Amino acid sequence: MSITDTVTTAARNAWALSFGAGIEPVDPAPSTVLWDEPHRLLRRYDTEFQSAASDSAVLLVPPLAAPATCFDLRRDQSLARYLVETGRAPYLIDYGDISFADRRMGFEDWIIDILPEAILRVSADRGGAPVDLIGWSVGGMFSLLTAAANPELPIRSVTGVGPPLDYDKMLGIPQLRAVAGLTGGWGATAVVRAAGGIPAPLTKLAYRLAAYDRELARPRFIAGNIANTETLAKMESIDRFQAAMPGYPGRFYNQLWGRMMLANDIGNGRLELRDRIVELADVRVPVLLIGGKSDVITPHAAVEAGLRTLTGSPSVTYELVPGSHLGILTGPQARETTWAHLDKFLAERD
């Protein structure tokens, strides 16, 4: 660009970020709502492909405390659009906002109720076809536990992108356990119980703290890229994602704290619930696990642990790719790494 064009673009971008509506408008992938009830809104992404690459369906499973838009941040950062482009039939389950009224919801609600019903509805919408689950972060853990707890479901495969499968490998957990040892874990559970969960502002703050280097470098990053509209649009999509983060229900977070962080159930290949124990060894379908080299939220060693615990699966494939926790799902290298591994994995199931 000429100097004049550069200055004009920089001025336009500065105005858009400071006083305007943003660098680019929100443009979600076209979809149709198939089912809309609290914490279980089901979307089918629209596609012009009448002859799909496979008769199977793909259900995208988000984690809690993160908006379902993680699979469709913007046009060039959208796993949902990529699946449509490659001839797949993607669906999305969206849990919506979490409030004090949802404080009694726990792991059981997702792995015994919400996800099984979504899987059955997706399969029925595709004429009884099997379903490939793709879960990001805790959504990957949800997907594996759902497959383990419900062997009768029409699940063809499970892909976990950055799922925490061993809390002994998670940063800061030994320190948290040491503090909990002084109080028996009572302090954290009492506060969460009184609040009815972890409110959305705290989840947003925690995510920003985990990426503190990005937050500190933000002013300089904007200044250095003020004339680069595409780069600022990508930054804006992540800012929008962070701003929409919901909270955790109280019961779920106390289970996460007690059964995962303190007892490391998942690292031992299981989840102990009130009336049953779910074993990861009961996953009987092929599994793909994706770990991120620079993921500080779920270090890749915590993902790789699935190779040890998913003993009942006919095949467990682990891939290590560049990127942060969100980056491995939808970052600039995801198309050539995570998405390519996923495409190969699904094609092998076909």
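The questions below take up some terms and the values behind them.

Mentor: First, the ground rules. This is a predicted model, where local features need pLDDT of at least 70, side-chain atom pairs count only at pLDDT 80 or more, and totals for chains, interfaces and linings use all residues. Residues are numbered from 1 along each chain as its sequence is written, and side-chain values use heavy atoms, with hydrogens and water left out.

Trainee: How many helices and strands are in the chain?

Mentor: The chain has 14 helices and 12 strands. Both are DSSP runs numbered from the N terminus: helices are H or I with at least four residues, strands E with at least two.

Trainee: Why is strand β11 called largely enclosed?

Mentor: Buried means under 20% relative accessible area, with a 1.4 Å probe and protein chains only. In β11 (residues 287-292), 6 of the 6 residues are buried, so the rest of the structure largely encloses the strand.

Trainee: Which residues of β11 cover each side?

Mentor: Val 287, Leu 289 and Gly 291 lie on one side, Leu 288, Ile 290 and Gly 292 on the other, and all are buried. In a regular strand the side chains alternate between the two faces of the sheet.

Trainee: What makes β6 and β12 partners of β11?

Mentor: Two strands pair if DSSP finds at least two bridges between them. β6 (residues 155-161) pairs with β11 in the parallel sense over 4 bridges. β12 (residues 316-321) runs parallel to β11 and is joined to it by 6 bridges. Leu 288 stands opposite Thr 159 and opposite Thr 317 in β12.

Trainee: Why are β1 and β12 placed at the edges?

Mentor: The open sheet has 8 strands in the order β1-β2-β4-β3-β5-β6-β11-β12, with mixed pairing. β1 (31-35) and β12 each have a single partner strand, so one side of each lacks a neighbour in the sheet.

Trainee: Why is helix α3 called roughly perpendicular to α4?

Mentor: Axes are lines fitted to C-alpha atoms, for helices over the stretch in contact, and angles run from 0 to 180 degrees between N-to-C directions. The axes of α3 (residues 107-125) and α4 (residues 138-149) come within 9 Å and cross at roughly 80 degrees. Roughly perpendicular covers 65 to 115 degrees, so α3 is roughly perpendicular to α4.

Trainee: Which residues make the contact of α3 with α4?

Mentor: Contact means heavy atoms within 4.5 Å. Among them are Trp 110 and Leu 115 of α3, and Phe 142 and Leu 145 of α4.

Key: Angles under 35 degrees count as roughly parallel, over 145 as roughly antiparallel, 65 to 115 as roughly perpendicular and the rest as oblique. Buried means under 20% relative accessible area, exposed over 50%, partly exposed in between (1.4 Å probe, protein chains only).
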